[in-house]
Amino acid sequence: MCGIVGLLLKNRAWHEQLGELATPMLECMSTRGADSCGLAVFHRPLPLEKRRFSLYVADRDYDWQSFHAGFSSGTGGDARLESRFNHATEVTATPEADVRGWLRRSHPDVHLLSVGRVIDIFKDEGRPEEIAERFGFRDLQGTHAVGHTRMATESAVSPAHAHPFSAGQDFCLVHNGSLSNPYSVRRRLERRGIAFETDNDTEAGCRFLEWRMREGDTLEQAIEKSFRVLDGFYTFLMATADKMVLVRDPFACKPAVVAETADYVAVSSEFRSLAHLPGIREADVYEPAPEQIYSWTLSSNLTSRN
Amino acid sequence: MDAVKQFDLAQLTVREVNQYLHHELSGSGAARVEILHPDGMHSIAAGLDADVAVDIMGHAGYFIAGMNKRASVTIHGNVGWSVAENIMSGVVRVKGHASESAAASGHGGLVVIEGNASSRCGISMKGCDIVVGGSVGHFSAFMAQAGTLLVCGDTGPNLGDSLYEAVIYVRGTIHSLGADAREEPLEAADEAEVARLLSAAGMEFSPREFKKVASARSLYHWNADVHQEY
């Protein structure tokens with residue numbers, strides 16, 4: 001069992017309260033999984049050339065200031081640091097490949113969680129309430145967020161195995177369920193030079209979808225292909241820079257509920273974690289059908305259900 | 001001695017309310033219990049065995065009114081998975097929609113879903129009656145053994161897969177039938193049964209608009225010649 005939550009704010013006036021609204025959703029779902037937790041938050045976009053690099057380290061007293069000094073000189077570009085305990089974000093125009101190379105050489109203990117113009121990922125092993133408090137989820141601002149509370153069933157409990165998983169830029173996925181063929185999917189992708197960081201089934205799904213998008217598919221087209229490739233039980237909740245997308249496996253083994261109002265779209269494993277949202281009693285609350293792609297786009301400020 | 005007893009789940013736990021319903025209700029004289037702010041919480045009014053009316057005022061979570069005996073439970077909102085699971089008798093009515101496995105393995109009594117029910121509605125039902133005002137999702141009445149499922153709207157794929165002796169009536173479109181389920185002619189006795197259920201649920205349709213689905217019973221006996229291709 002795991003819990004998944006997502007919130008996309010259509011009302012711009014609410015962007016400052018994203019963390020305030022999404023954190024209770026996540027904490028409520030700790031009953032579905034309390035061994036690890038994570039949240040991806042999507043901010044206002046950086047200028048075209050800049051990227052956010054979300055970083056994780058095991059040590060909660062890590063000296064990010066000296067890391068940052070090394071980062072700026074080592075990658076040869078200006079950077080801005082935001083840090084909180086064992087998480088930090090470096091904002092810089094240095095290309096991703098250079099940052100990755102420098103991290104590998106100089107700081108193999110620091111893990112890169114995500115890269116993009118808008119995305120930041122926070123995740124760790126431990127109780128969701130404690131992680132939310134430590135990383136200050138309530139203070140986060142942005143357009144949309146997806147989160148996960150994990151009860152591991154198929155691979156180890158570790159910070160790296162926690163969700164969200166990210167591949168490419170500005171893309172992440174959280175998953176409730178278990179895939180039965182992650183290794184064959186993984187072998188198929190590894191033959192194409194795609195590298196994996198864990199043995200987690202969700203990472204296989206995430207990298208498959210990201211590979212399809214790099215090959216030119218939209219996320220929705222990639223998901224259509226995944227119906228034929230990924231086998232198992234899953235509710236996937238995904239986000240890109242301007243979208244939140246939800247899909248359940250053809251047998252609909254894992255739960256999901258959607259609540260929509262003029263101000264937001266909220267998704268959760270259980271209605272319970274949506275009950276605090278403003279206007280929830282008047283919201284359009286429904287259960288997504290199996291093997292249907294539900295996609296909500298931010299840019300047009302309108303939602304679409306496919 | 002109040003005829004109506006009110007509980008607020010914003011103040012009390014589900015366990016406290018259920019303990020009242022299980023132990024203190026009899027002898028209290030309360031004929032009706034109102035439960036406020038269910039807010040998606042699970043197992044509210046599960047395990048009742050009393051002649052009482054319970055009104056749950058809003059959206060509720062999983063396992064609402066499970067194992068119900070005698071009581072009449074009304075949910076004024078949607079419910080999550082497995083409402084009225086294993087119902088024995090009494091009535092459970094959902095004014096909104098129900099998520100998966102509504103009335104799963106119910107032995108007796110009546111379950112009314114005024115909105116839609118999703119996947120696996122009435123899975124393994126064993127004698128209860130289920131009336132759905134809207135549509136049902138895939139694999140509804142899967143391995144249903146006894147009782148009646150009446151659907152006023154449409155059904156999803158694989159209706160009545162591996163059906164035993166339960167009977168299904170559908171007013172709308174059947175997306176597809178599951179293995180061993182087949183359509184049968186609607187006879188006078190069926191029309192009377194549909195009329196009885198519609199009346200019990202308070203829904204007004206003509207019984208003649210319904211189609212009947214029952215088991216072809218071809219899975220009842222092992223047939224070595226079909227090579228497991230049904």
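Why does B:M67 count as partly exposed? In this predicted model, B:M67 has 16 C-beta neighbours inside 10 Å. A residue is buried at 20 or more such neighbours and exposed at 12 or fewer. B:M67 lies in between, so it counts as partly exposed. The residue sits in the loop between β3 (53-57) and β4 (72-75) of chain B. Its backbone also stands out. Phi of B:M67 is positive, near 60 degrees, and the residue is not a glycine. Most residues other than glycine have a negative phi.

A second residue of chain B shows a positive phi. B:D180 is not a glycine, and its phi is near 75 degrees. The loop that holds B:D180 runs between β9 (167-170) and β10 (181-184) of chain B. B:D180 has 18 C-beta neighbours inside 10 Å, so this residue counts as partly exposed.

Chain B contains two helices and 11 strands. Along the sequence, the elements follow the pattern β-α-β-β-β-β-β-β-β-β-β-α-β. The radius of gyration of chain B is 18 Å. The globule rule gives 17 Å for 230 residues, a close value, so chain B is as compact as a globular protein of that length. Along the principal axes, the C-alpha atoms of chain B fill a box of roughly 65 × 35 × 25 Å. Buried residues make up 52% of the 230 residues in chain B. Sequence separation was also examined for the contacts. Among contacts in chain B between residues at least 6 apart in sequence, 25% join residues at least 24 apart.

The strands of chain B build an open sheet. This sheet has 11 strands, in the order β1-β2-β3-β4-β5-β6-β7-β8-β9-β11-β10, and its pairing is mixed. The edges are taken by β1 (4-8) and β10 of chain B. Each edge strand has a single partner, so one side of each is left without a neighbour in the sheet. From one strand to the next, the twist averages 15 degrees. Within chain B, strand β6 (residues 110-113) and strand β7 (residues 126-132) pair in the parallel sense, over four bridges. In this pair, B:I113 stands opposite B:V132 of β7(B). Helix α2 (residues 188-201) of chain B lies across β6, β7, β8 (146-151), β9 and β11 (211-215) of that chain. The helix runs at about 70 degrees to β8(B).

Chain A is assigned two domains. Domain 1 of chain A covers 2-44 + 143-305, and domain 2 covers 46-117. Their centres, taken over C-alpha atoms, are separated by 25 Å. Seven residues of domain 1 of chain A are in contact with eight residues of domain 2 of chain A. On the domain 1 side, the touching residues comprise four nonpolar, two polar and one charged.

Chain A also has an open sheet of four strands. Their order is β4-β5-β3-β6 (chain A), and the pairing is antiparallel. At the edges stand β4 (79-84) and β6 (111-116) of chain A, each pairing on one side only. The twist averages 20 degrees from one strand to the next. Strand β3 (residues 51-56) of chain A pairs with strand β5 (residues 87-92) of chain A in the antiparallel sense, over six bridges. A:R51 stands opposite A:T92 in β5(A). Helix α2 (residues 64-75) of chain A lies across β4 and β5 of chain A. It runs at about 155 degrees to β4(A).

Another helix of chain A is largely enclosed. Nine of the 11 residues of helix α1 (residues 18-28) of chain A are buried, so the rest of the structure largely encloses this helix. Among the buried residues of α1(A) are A:L18, A:L21, A:M25 and A:L26. The buried residues of α1(A) pack against β1 (2-9), β2 (36-42), α4 (128-135), β8 and β14 (264-268) of chain A.

A cis peptide bond, with omega about 0 degrees, joins A:H163 and A:P164. A:P164 lies in the loop between β8 (144-150) and β9 (165-166) of chain A. Most peptide bonds are trans.

The two chains also touch. Nine residues of chain A are in contact with 12 residues of chain B. The chain A side of this contact consists of six nonpolar, no polar and three charged residues.

Definitions and conventions: Residues numbered from 1 in each chain as written. Chains lettered and ligands numbered in written order. Predicted model: local features only at pLDDT ≥ 70, side-chain atom pairs only at ≥ 80, totals over all residues. Pairing = 2+ DSSP bridges. Axes fitted to C-alpha atoms, helices over the stretch in contact; angles between N-to-C directions. Contact = placed C-beta atoms within 7 Å. Nonpolar A, V, L, I, M, F, W, Y, C, P; charged D, E, K, R; others polar. Domains from an automatic or database assignment. Rg over C-alpha atoms; globule rule 2.2 N^0.38 Å.
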